[in-house]
Amino acid sequence: MKVHKEKYEELYCKWGYNENSLIMPSDRRNIRYHELLKYSRIFEMNDCGGYTILDAGCGFGDVISYLNLIGKTNFSYIGIDVVNSFLEEAEKRQGSKDEKYKFIKRDLFLETVDDLDYDFAISSQAFNWKYDNCDDQNYEVIFTIIEKLFKKCREGVAFNFFSDKVEYMKNGTAYHNPGRMIEFAYSLSNNVLYDNSCMPYEPTLIILKDTSAYGGVYNTFRAKHLNDFKNNIFVIKEK
């Protein structure tokens, strides 16, 4: 399988710390990060201490900057990538700020995450290039990596991809069938969300544990809306 490490290194040599090195439009990065994380607990927590995010294909680790920007600072972060230049740049910009921010070189298709401890894993635009011009191989890469991440996480995994429900396809870009993606997600859990409400052609697929570390999904919903339950808004009691 061809991994595009050389291409990314070439782009970094040309552009340095720039969205062009990642082939990722800067005006949409923070939107993608929000979409990936909005079903995690990090937005619900005033103090995120003890909460760890794993970022697969982390690039420059800009998820950290986004979370800091919105006032989330007390969390741990593990960034994983195969591109040396990205990891070195991320370490320089982010890793030195806090020892809780770690960057690791690892090929998640070939290697495991058994040694890592984290709550929620994300992957943004890591699956947008074709591998060996073979669609089935692209699915194999995604399914292998996401399954590894999901089995080890405590809470869930979220990743985005280009849907094949488009009118125009760019050469060299990987487009994936949402139905096939959702079918795979349900092989891991019954708690699956497919969200393309914000970016119709770049959906986010969220796979949560059936019973996560902080309780079942219904219990979480009930706790969040406890007053509404007490006021009989969601459950109407017989008179």
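## Cavities in the predicted model

A cavity, as the word is used here, is a set of grid points where a 1.4 Å probe fits but cannot get out. The structure is a predicted model, and a search of the whole of it finds 2 cavities of 30 Å³ or more.

## The largest cavity

The largest cavity has a volume of about 560 Å³, and its lining is made up of 35 residues, among which A56, G57, D81, V82 and A126 lie nearest the centre. The elements that contribute two or more residues to this lining are the helices α1 (5-15), α4 (62-69) and α6 (135-152), together with the strands β1 (52-56) and β2 (76-81).

By residue class, the lining of the largest cavity divides into 22 nonpolar, 7 polar and 6 charged residues.

## The second largest cavity

The second largest cavity holds about 60 Å³ of space. Its lining consists of R32, E35, N160, D195, N196, C198, M199, E202, P203 and T204, and these residues divide into 3 nonpolar, 3 polar and 4 charged.

One of these lining residues, M199, is found in the loop between β8 (191-195) and β9 (204-208). M199 has a relative accessible area of 13%, and because buried means under 20%, this residue counts as buried. Leaving aside neighbours within four places in sequence, M199 is in contact with R28, I31 and R32.

N128 is found in the loop between β4 (120-123) and α6, whereas T173 has its place in the loop between β6 (162-163) and β7 (175-176). N128 has a relative accessible area of 9% and is therefore buried under the 20% cut-off; T173, with a relative accessible area of 11%, is buried as well.

When neighbours within four places in sequence are left aside, the contacts of N128 are F161, F162, G172, T173 and A174, while those of T173, counted with the neighbours within four places likewise left aside, are N128, K130 and F162.

Definitions and conventions:
Residues are numbered from 1 along each chain as its sequence is written. This is a predicted model: local features need pLDDT of at least 70, side-chain atom pairs count only at pLDDT 80 or more; totals for chains, interfaces and linings use all residues. Side-chain values use heavy atoms; hydrogens and water are left out. On a 1 Å grid over the protein atoms alone, a cavity is a set of points where a 1.4 Å probe fits but cannot get out, and a pocket is an open set with protein on both sides within 12 Å along at least five of seven lines; lining residues have an atom within 4 Å of a point. Grid points are joined across faces, edges and corners, and a volume is the space filled by probe spheres set on the points. Helices (H or I, at least four residues) and strands (E, at least two) are DSSP runs, numbered from the N terminus. Ala, Val, Leu, Ile, Met, Phe, Trp, Tyr, Cys and Pro count as nonpolar, Asp, Glu, Lys and Arg as charged, and the others, Gly among them, as polar. Buried means under 20% relative accessible area, exposed over 50%, partly exposed in between (1.4 Å probe, protein chains only). Contact means heavy atoms within 4.5 Å.
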